[in-house]
Amino acid sequence: MATQSPFSFLQGLFERVAAGPQPPQWMVHEVQQRVVLLLNHVLMQEREAMARLLAQRGRVARVQWRQYFMALQITPAGLFNLAADGAAPDLQIEVTEPSPLALAQAALRGDKPTIRIQGDVQLAGEIQWLADHVRWDIEEDLARLLGDAPAHLIAATARRVLQALAGFVAPLAGKAAGAALVVPERTVP
């Protein structure tokens, strides 16, 4: 007898929440502003990334997942800013996986989501370079706030938690939703 995956309940819950009431526009704008600040913080630690974006200044990239999107314009400083409402995107990037659970599983495995790209090839290449080479060193930022020892302890603990979570999700990630969950039998001596 086949049993459902324990994650099928979560999948349904994510679907209901995503289809539910939408956040107010001011909240969406504030969250987008915070995302831009984080992106720019990370970019400012990588001079080569800023130099690559500088060559693309004024260009607009629109990133979308389901009904959520954000249009980013590259500034003359080689950073990002929110594009003006109605700005025509030079590049459109759409995450094609509709399931938030599948996206989370892929992220825990270290996989990139499947995307559909439309528009300027050169700008797409630069964005791909950023995705491949720019990383946020959270431990370094924590060290500036808390000191080296506490930052290292927090980062090491977070890595262990993520590894444990990835180890838990990995066996289930390959199975389709609703597939039988097979638990190996153990013999007791």
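Let's start at helix H4 (residues 100-109), where Pro100, Leu101, Gln105 and Ala106 are buried, meaning under 20% relative accessible area with a 1.4 Å probe and protein chains only. Helices here are DSSP runs of H or I with at least four residues, strands are runs of E with at least two, and both are numbered from the N terminus. This is a predicted model, in which local features need pLDDT of at least 70 and side-chain atom pairs count only at pLDDT 80 or more, while totals for chains, interfaces and linings use all residues. Residues are numbered from 1 along each chain as its sequence is written, and side-chain values use heavy atoms, with hydrogens and water left out.

At the start of H4, the backbone nitrogen of Ala102 has a side-chain oxygen of Ser99 within 3.0 Å. After H4 comes Gly110, with a positive phi near 90°.

Now to the sheet. It is open and mixed, with 5 strands in the order E3-E2-E1-E4-E5; two strands pair if DSSP finds at least two bridges between them. Strands E3 (80-82) and E5 (115-119) each have a single partner strand, so one side of each is left without a neighbour in the sheet. Strand E1 (residues 60-65) pairs with strand E4 (residues 91-95) in the parallel sense over 5 bridges, and Ala61 stands opposite Leu91 in E4.

Finally, some ring contacts. The charged end of Arg62 sits over the ring of Phe69, 4.0 Å from its centre; the criterion is NZ of Lys or CZ of Arg within 6 Å of the ring centre and within 35 degrees of the ring normal.

Definitions and conventions:
Buried means under 20% relative accessible area, exposed over 50%, partly exposed in between (1.4 Å probe, protein chains only). A polar contact is a pair of N or O atoms within 3.5 Å; within protein, one must be able to donate a hydrogen and the other to accept it, and residues adjacent in sequence count only if both atoms are side-chain atoms.
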